[in-house]
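Here is a note for a colleague who works with computed models and wants the terms spelled out. Please read it beside the sequence and the structure.

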Amino acid sequence: MNKTRKFETNAIRIQAQRSQHKEHSVPVFETSSFVFNSAEEARDVFAETVDGNIYTRYSNPNTDEYIKKLCALEGAEDGIATSSGMAAVFLSMISVLQPGDHLLVPRQIFGTTYLLITQVLSRWGISHTFVNINDTDDWEKHILPTTKMIYAETPANPGLELIDLKWLCKLAEKHGLYVVIDNCFATPYLQNPIKYGVDMVIHSATKFIDGQGRTISGAVLGSKETINEVRTLSRIIGPTLSPHSAWLLSKSLETLAVRMDRHCSNAMKLARYLEDNAHVEWVKYPYLSSHPQYKLAKKQMELGGGLVTFELKGGIKRAMKFLNLLRLASLTSNLGDTRTTITHPPTTTHSKLTAKERKESGITDGMIRVSVGLENVDDIIADFDQAIKKS
Ligand SMILES: *Cc1c(COP(=O)(O)O)cnc(C)c1O
């Protein structure tokens, strides 16, 4: 990596070495294994005394290029590409946590991460406490002698609550805890948690990093030392990203900056439209001055992000009616797509939580989550406007 180069340049110019064909654009290396010139070379590559690819579960030029680029954009020393965001979440946790350890995590978290903590890790003797993301006393109060890790999202899915990364890293340092941040909603373009002292950043690259809804993919990023442990586990367990997906993601990263600029400006305009609409009960967007953590958002994030959550007057009934009346926005649980996507978290992404758990997580029955796409924003707003009026 060239450290003096800026985000967009690294996103475009970091690439795998050219082959003897001198291709300009990097091809897909769809191969499960790699050959050696001699038995001695095989021995040395296996012994890691000589660099080289062995087998795609271990490494591949496409996954290497994707991860090298992502590391440069996040300011990480090293990283591991994963076959999904959830594989990244899981690897980050099990690379540190042992039976008997305790995990501290906010209630405001992606639905499947919630299930991983409550239904999978708990079976292996890893306990947890859910805290209220914005209640600083609540965090400190629940740190136990066995607490080893803090895991959080900022902004959180789906309620867009933020956490002060500077404060969180100080708290972790005081108590000797690992900090893992899921940076999926912000992307490396809007915030780099590692610069605050976070140990690992994880991504669901399925979302804004792919940006076009084509892959399921992820990454774990951190220091060389932290990632070494993740790499060992990943090679043994095998949540490997396919070369084709890595190739797509590396291409996608080339346009992340320009896409995020437009996602954010479109989201800002839609949020303002909703805020001014008399049919809207509430709207949440980090860069709206009405967001409870507006000041923190301005300090911590370069822009407000591509997601907006809101509720219409009339609760769940009106929400369902509104969703069925949309003509442009796609009813789908994915986010970070060029297309505007919309979902009703309580009956979809967070439906496996009990009503009580949803209430505690701040997910109201009428909540609607929009991932604002790259269509012309006037058309997006017109679609919302006709559906709101008819609902
Ligand atoms: C989607 C998502 C995940 C899980 O990623 P997958 O690629 O679907 O496995 C994790 N965290 C957040 C915040 C997400 O939105």
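The numbered points below go from the basis of the values to the domains, the spaces between them, and some local features.

1. Basis. The model is predicted, and local features are reported at pLDDT of at least 70, with side-chain atom pairs counted only at pLDDT 80 or more, whereas totals for chains, interfaces and linings use all residues. Residues are numbered from 1 along each chain as its sequence is written, and side-chain values use heavy atoms, with hydrogens and water left out.

2. Domains. The assignment for the protein chain gives domain 1 (7-253) and domain 2 (256-390), the bounds being those of an automatic or database domain assignment. Their C-alpha centres lie 26 Å apart, and the contact (heavy atoms within 4.5 Å) takes 41 residues from domain 1 and 42 residues from domain 2.

3. The cavity. On a 1 Å grid over the protein atoms alone, a cavity is a set of points where a 1.4 Å probe fits but cannot get out, and lining residues have an atom within 4 Å of a point. Grid points are joined across faces, edges and corners, and a volume is the space filled by probe spheres set on the points. With these terms, a search of the whole structure finds one cavity of 30 Å³ or more, and the volume of the largest cavity is about 30 Å³. Its lining is formed by Pro155, Leu160, Phe185, Pro286, Gly304, Gly305, Gly306 and Leu307. By class, the lining of this cavity has five nonpolar, three polar and no charged residues, where Ala, Val, Leu, Ile, Met, Phe, Trp, Tyr, Cys and Pro count as nonpolar, Asp, Glu, Lys and Arg as charged, and the others, Gly among them, as polar. The largest cavity lies between domain 1 and domain 2, because both give residues to its lining.

4. The second largest pocket. A pocket, unlike a cavity, is an open set, with protein on both sides within 12 Å along at least five of seven lines. The second largest pocket has a volume of about 390 Å³, and of the 26 residues that line it, Phe110, Ser204, Thr206, Lys207 and Asn334 are the closest to its centre. H4 gives the most, with three residues. The lining of the second largest pocket divides into nine nonpolar, 12 polar and five charged residues. Since domain 1 and domain 2 both give residues to the lining, this pocket too lies between them.

5. The loop between E4 and H7. Which backbone features deserve a check in the loop that holds Pro155, between strand E4 (147-153) and helix H7 (165-175)? The peptide bond from Thr154 to Pro155 is cis, with omega near -10°, and a cis peptide bond also joins Asn157 and Pro158, with omega about 0°. Leu160 counts as buried at 2% relative accessibility, the term meaning under 20% relative accessible area, with exposed over 50% and partly exposed in between (1.4 Å probe, protein chains only). Both Pro155 and Leu160 are among the residues that line the largest cavity.

6. Thr187. Phi is also positive at Thr187, near 65°, again in a residue other than glycine. Thr187 is placed in helix H8 (residues 187-190) and is buried, with a relative accessible area of 0%.

7. Helix H13. In helix H13 (residues 315-325) the buried residues are Gly315, Arg318, Ala319, Phe322 and Leu323. Seen down the axis of H13, they fall within an arc of 135°, so they line one face of the helix; the arc is that of the directions from the helix axis to the C-beta atoms. An α-helix has 3.6 residues a turn, so residues three or four places apart point the same way. On the other side of H13, Lys317 and Asn324 are exposed. The cover over the buried residues includes strand E9 (307-312), strand E10 (330-331), strand E11 (341-343), strand E12 (368-371) and helix H15 (377-390).

8. Ser290. Ser290 lies in the loop between strand E8 (280-284) and helix H12 (294-300) and counts as partly exposed at 43% relative accessibility. Leaving aside neighbours within four places in sequence, Ser290 is in contact with Glu275 and Val283.

Notes: Helices (H or I, at least four residues) and strands (E, at least two) are DSSP runs, numbered from the N terminus.
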